[in-house]
Amino acid sequence: MTFTTLSRVTRLGVVNFWRNRWLSLVATTVIMLTLLVISIFSLIGLGIVRTTNEVRERIDLVVYFDDKATDEEIQQLRRTLEANLEVKNIEFVSKEQALEIFQRIQGVERVRNVVTAQDNPLPRSLRVKPVDPQNLEALATEVKATQLAIDGKIRSLSFDRNSALVRRLIGITRFVTILGALLSSIFLLISIVVIFNTIRLAVFARRDEVEIMKLVGANDAFVKGPFLLEGGIYGFLAAAVAFLLMNLSLVLVTSITRQSVTGIEIPVQSFFEGYIWWILLGQMGLGILVGTFFSWWAVRRYIRV
Amino acid sequence: MPESQVKSKPALPVVDRRPENLIIEFKDVSKRYGEIVALEQVNLKIYRNEFVSLIGASGAGKSTLIRLLVREEVPSQGHIVIAGKDITKLKYGDLPFYRRQIGVVFQDFKLLPQKTVRENVSFALEVAGVKDAEIERRVPKVLELVGLADRHGNYPTELSGGEKQRAAIARALVHGPKLLIADEPTGNLDPENTWDIIRLLLRINQLGTIVLLATHNKDVVDRIRRRVVTLEGGKVVSDQIEGRYGS
């Protein structure tokens, strides 16, 4: 294809897109909606994976010591636990550190002054992170069996309070992931059919044009070129609009999840910001591919004159 | 076609039926659609500078003959030779090049509705890869020839039937074809516009293009006094050098 032909095909494609703007609008909108739904489902999926990981990361066993326990006894327990292969790491929190943490907690302003460095009832603790959260229960049992616990020098274990929440969270995320994948697949199938039919109608409405082009001696490339370009423009614009709408909806979603009951911020926005150009690129690529491919497929039928 | 010829009144073209002037030849051409025989054993020779009217009732085979000539279809039997080339043997990829050598005008004009007159005409050159400067040079001339110089910026919907057909003729002519095929070009026009179009076709013929006019219009055929080929049931039943409808 010569440069002259290429520039003519390009011009035709752009001009046709504009002159058939209603058809263009419909085709673009359908592709845009599809991209939007696919993107949102994928993002929700990724958000869920992230959240689940975050939650698992936070699963730990905190051992609170009674003031009767000596520092030596605590260090002894720490060494014992560190020897266990199921333990990833252990962090010791002293009374002073506990006080510091307490004073940082929001919403305790009224009672903040009740606890002071001189009169500090906050316990020392060991924060034990397991390699696999599944083994938390076994670790708790092990701690409960130590002499320290038997002597009543361990005030409490945090495990009991967290485990139910953790299990529920993991269960919910698994359910949402499966549901999301299922809905995405169904929607993807529907959109493929809808996009194809929309573009086919757009081409069908202009089949005379294809016939005329052929009769005045246009070769196949010249006939198809503008249609493919139009398809590409549908995809490009659809991706651009979908991207903007997604940004908008993310701002809304994030403001809701900020107030999440679990206290765990879903890192959708930070994730989104990190991958913003990849997402745009993916949407553009997919949009343009879908637009041109279906145009090619649709125009093929009318081209053999 | 040189501009001087467009403006001055040219002499009637002389048709010289010697073999070297043979441009179109149908050799035993038959076309069947399943059981239906659309054309049967058609033999026809058309020479340089000829103006041929093709007449016959609906279903006589006029449209089939034209579709074969445009190579929209291939004959079931026989050959069609244009300027020494058997077009029944053209490959799919060669069709665009062949079609750029002929011009076709239809009853329903087949103009692109979303292009202006000028763009419709330019289009035939654009698809052939003609340079912009050459398009700029040729299009105004051909629009002038068909009398649409002042309507070049209008869209087909803004034109009368006669004007639409002129635009279609301009498009068919702009690449300087050897042969202009007109399939019922006046079928949708009133008598006045009909004569305008026929006069235009005669003029184009006088400028050296073969014109093949398929028509129902008895009046037209009787008055132009050119060669008349009559089809009936897919066969050529008469071929008169200076014919009349039904005579």
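In the largest nonpolar core, which has 103 residues, Val121(B), Ala170(B) and Leu180(B) touch the most other members. Such a core is a set of buried Ala, Val, Leu, Ile, Met, Phe, Trp, Tyr and Cys residues joined through C-beta atoms within 7 Å, and a residue is buried if 20 or more other C-beta atoms lie within 10 Å of its own, exposed if 12 or fewer, and partly exposed in between, with C-beta atoms placed from the backbone. This is a predicted model, in which local features need pLDDT of at least 70 and side-chain atom pairs count only at pLDDT 80 or more, while totals for chains, interfaces and linings use all residues. Residues are numbered from 1 along each chain as its sequence is written, and chains are lettered from A and ligands numbered from 1 in the order in which they are written.

**Between the chains**
- Contact, meaning C-beta atoms placed from the backbone that lie within 7 Å, links 16 residues of chain A with 17 residues of chain B.
- On the side of chain A that touches chain B, the largest share, five residues, comes from H8(A).

**Chain B**
- Chain B contains eight helices and ten strands, and 43% of its 247 residues count as buried.

Methods: Contact = placed C-beta atoms within 7 Å. Helix = DSSP H or I, 4+ residues; strand = E, 2+ residues; numbered from the N terminus.
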